[in-house]
Amino acid sequence: MEKFPTATFASTSVVKSASGLTVTGNFTLHGVTKPIVLEVEGPSGPIIGMDKKPHSGFSATTTISRSAFGIGAKFPEALVGDEVKLTIEVDVAKQ
């Protein structure tokens with residue numbers, strides 16, 4: 001983890017879908033960048049937060065292949081599955 005302490009995502013397109021949004025972009029993990037698609041549900045709310053500002057929530061999911069990002073190559077798929085589901089929860093507040 002010292003060599004690759006963060007993961008990043010940069011969106012390239014956002015399209016409204018029947019259930020929310022479809023966000024396409026470039027995901028960098030372990031020094032490898034690959035295109036991914038996030039299925040986004042939301043917004044939920046708005047609700048008034050403890051800071052007295054309106055908040056809305058979004059939830060995004062996708063599934064990636066750990067081997068495509070060079071992670072865990074020494075572990076066979078029989079021990080550790082290759083597919084990893086990512087879930088991202090976001091809370092936004094009106095400023």
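Analyst: Phe 75 is found in the loop between β4 and β5 (83–93), in what is a predicted model. Together with Leu 79 and Val 80, Phe 75 makes a nonpolar surface patch of about 290 Å².

The loop between β4 and β5 also holds Phe 69. Phe 69 has a relative accessible area of 2% and is buried. Aromatic pairs come next: the count is 1. The pair consists of Phe 27 and Phe 69, with ring centres 5.6 Å apart and planes at 75°, so it is edge-to-face. The angle decides this, because planes over 60 degrees apart count as edge-to-face. Phe 27 belongs to strand β2 (residues 20–29), and the pair therefore ties together parts that are 42 residues apart in sequence. Phe 27 is buried too, at 10% relative accessible area.

Strand β4 (residues 54–65) can be looked at through Ser 56, which has its place there. With 17% relative accessibility, Ser 56 counts as buried. The side chain of Ser 56 comes to 3.5 Å from the backbone oxygen of Ser 44. Neighbours within four places in sequence left aside, Ser 56 touches Pro 43, Ser 44, Gly 45 and Pro 46, and also Val 90, Asp 91 and Val 92.

How values were computed: Residues are numbered from 1 along each chain as its sequence is written. This is a predicted model: local features need pLDDT of at least 70, side-chain atom pairs count only at pLDDT 80 or more; totals for chains, interfaces and linings use all residues. Side-chain values use heavy atoms; hydrogens and water are left out. Helices (H or I, at least four residues) and strands (E, at least two) are DSSP runs, numbered from the N terminus. Buried means under 20% relative accessible area, exposed over 50%, partly exposed in between (1.4 Å probe, protein chains only). A polar contact is a pair of N or O atoms within 3.5 Å; within protein, one must be able to donate a hydrogen and the other to accept it, and residues adjacent in sequence count only if both atoms are side-chain atoms. Contact means heavy atoms within 4.5 Å. Patches are made of residues with over 30% relative accessible area and no salt bridge: like charges are joined within 9 Å, nonpolar side chains (Val, Leu, Ile, Met, Phe, Trp, Tyr) within 5 Å. Accessible areas come from the Shrake-Rupley method with a 1.4 Å probe; for residues, only the protein chains shown count as cover. A salt bridge is a side-chain nitrogen of Lys or Arg within 4 Å of a carboxyl oxygen of Asp or Glu. Rings of Phe, Tyr and Trp (its six-membered ring) pair if their centres lie within 6.5 Å; planes under 30 degrees apart count as stacked, over 60 as edge-to-face and the rest as tilted.
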